[in-house]
Amino acid sequence: MTVEKLLDQIERRLTNNVTQVASVNRYELRELLNETLAELASMEQWEFLKKYLLLAQTEEGVRNYDLPEDFPTNFLHSFDPPDTDVVNYSVQLDDGSTASSLTYETVDQFYQRDLSAESNSRPSHYTIISAPSGTRQIALGPPPDSTSYTISGTYIPNEFNMNNRDSLPLMPSNHNVLRYGVLRQAQPRNQQWEAEYLRSLQHLYYTQAKLNPASLVVERPVQTRKLII
């Protein structure tokens, strides 16, 4: 389904609800859709929102590389082994024959090293920084040697900018959680939309847990956890 088709459906529901006509236009509805997607992204590592990133090959001695505009604070993480506090991030370095995981360090940890003394070698750790331009970058340590490495990883965007002709994410159920997520914001006094949104969110949790139980590893907000019990 496209964004345009979903917004058509939403507008029809708003028009039919004569008791609470919303004073929002098509542009505002699209912005509410983007906000709903961002809210969902903050809840879980949803399979339907994941993006696979493949950066261009590294250059010798070049430490920093730009990340996409919608990149969040870090790559997706998993607890390894399960039921422990050991966190690994889904980012790898590949030289064409061998792939290895990169270890995440906070910015403080990363820059406590004597970076000027590091020789070019195979990178083993990284951090995420903001460049002066505002662009997020991955910083590698040590800086790459002459070998051509590729960096790959999985992330969930922290912001969305959907256009009318864009296709909606391939969600495991229908798009009711998006439909009612927009309606509840367009008409916040309508308790029907809020109830339908919570019901749709519960169904989304159930559907993803059934298809891929291991994907729901991020701690849920208390309100959401109460909802699905």
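With which residue does Arg-113 form a salt bridge? In this predicted model, in which local features need pLDDT of at least 70 and side-chain atom pairs count only at pLDDT 80 or more, totals for chains, interfaces and linings use all residues. Residues are numbered from 1 along each chain as its sequence is written, and side-chain values use heavy atoms, with hydrogens and water left out.

Side chains of opposite charge can pair when their charged atoms come close. A salt bridge is taken here as a side-chain nitrogen of Lys or Arg within 4 Å of a carboxyl oxygen of Asp or Glu, and by this rule the count comes to 10 salt bridges. Arg-113 is paired with Glu-105, their closest N and O atoms lying 2.3 Å apart. Relative accessible area is described as buried when under 20%, exposed when over 50% and partly exposed in between (1.4 Å probe, protein chains only); accordingly, Arg-113 is partly exposed at 34%, whereas Glu-105 is buried at 12%.

A further salt bridge joins the side chains of Arg-63 and Glu-118, at 3.0 Å from N to O. This pair links distant parts of the chain, 55 residues apart, with Arg-63 in the loop between β1 (51–54) and β2 (64–66) and Glu-118 in the loop between α3 (107–111) and β8 (125–130). Helices (H or I, at least four residues) and strands (E, at least two) are DSSP runs, numbered from the N terminus. Arg-63 is buried, at 15% relative accessibility.

Within helix α5 (residues 191–211), Glu-196 and Arg-199 lie three residues apart, about one turn of the helix, and form a salt bridge whose closest N and O atoms are 3.0 Å apart.
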